[in-house]
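Please open the structure in the viewer and keep the selection tool at hand.

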Amino acid sequence: MATLQGGLLGPDPGALSPAQQEQLRNFKIQTRIANEKYLRTHKEVELLISGFFREMFLKRPDNIQEFAADYFTDPRLPSKIHMQLIKEKKAA
């Protein structure tokens with residue numbers, strides 16, 4: 001196992017048997033599929049992320065972590081997302 005910068009240990013491909021590697025590969029695929037299904041059925045997640053990126057690119061904050069914390073803890077955010085969902089349903 002290689003030591004990475006900062007003393008972290010890198011992946012050790014020999015640590016898993018071929019059967020375990022195949023099982024892990026299948027688990028990763030199923031997790032990606034489940035995540036994709038979730039994201040496709042929850043429009044509010046897309047609205048949260050796209051709204052965040054839109055605001056970030058418009059305002060170009062110096063401290064993105066602080067901006068993100070403020071954005072996602074804004075008490076008005078749930079009602080903004082709710083209104084956008086209503087608008088999109090009416091447009092459809």
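Helices (H or I, at least four residues) and strands (E, at least two) are DSSP runs, numbered from the N terminus. The model is a predicted one, in which local features need pLDDT of at least 70, side-chain atom pairs count only at pLDDT 80 or more, and totals for chains, interfaces and linings use all residues. Residues are numbered from 1 along each chain as its sequence is written, and side-chain values use heavy atoms, with hydrogens and water left out.

First, select P11, which is found in the segment before α1 (18–41). P11 counts as exposed because its relative accessibility is 74% (buried means under 20% relative accessible area, exposed over 50%, partly exposed in between; 1.4 Å probe, protein chains only).

Next, select R60, in the loop between α2 (43–59) and α3 (64–72). The phi of R60 is near 45 degrees, a positive value in a residue other than glycine. With 62% relative accessibility, R60 counts as exposed.

Finally, select E55, Y71, D74, L77 and K80, which lie nearest the centre of the largest pocket, among its 13 lining residues. On a 1 Å grid over the protein atoms alone, a pocket is an open set of points where a 1.4 Å probe fits, with protein on both sides within 12 Å along at least five of seven lines; lining residues have an atom within 4 Å of a point. The elements that give two or more residues to this lining are α2, α3 and α4 (77–91). The largest share, five residues, comes from α2.
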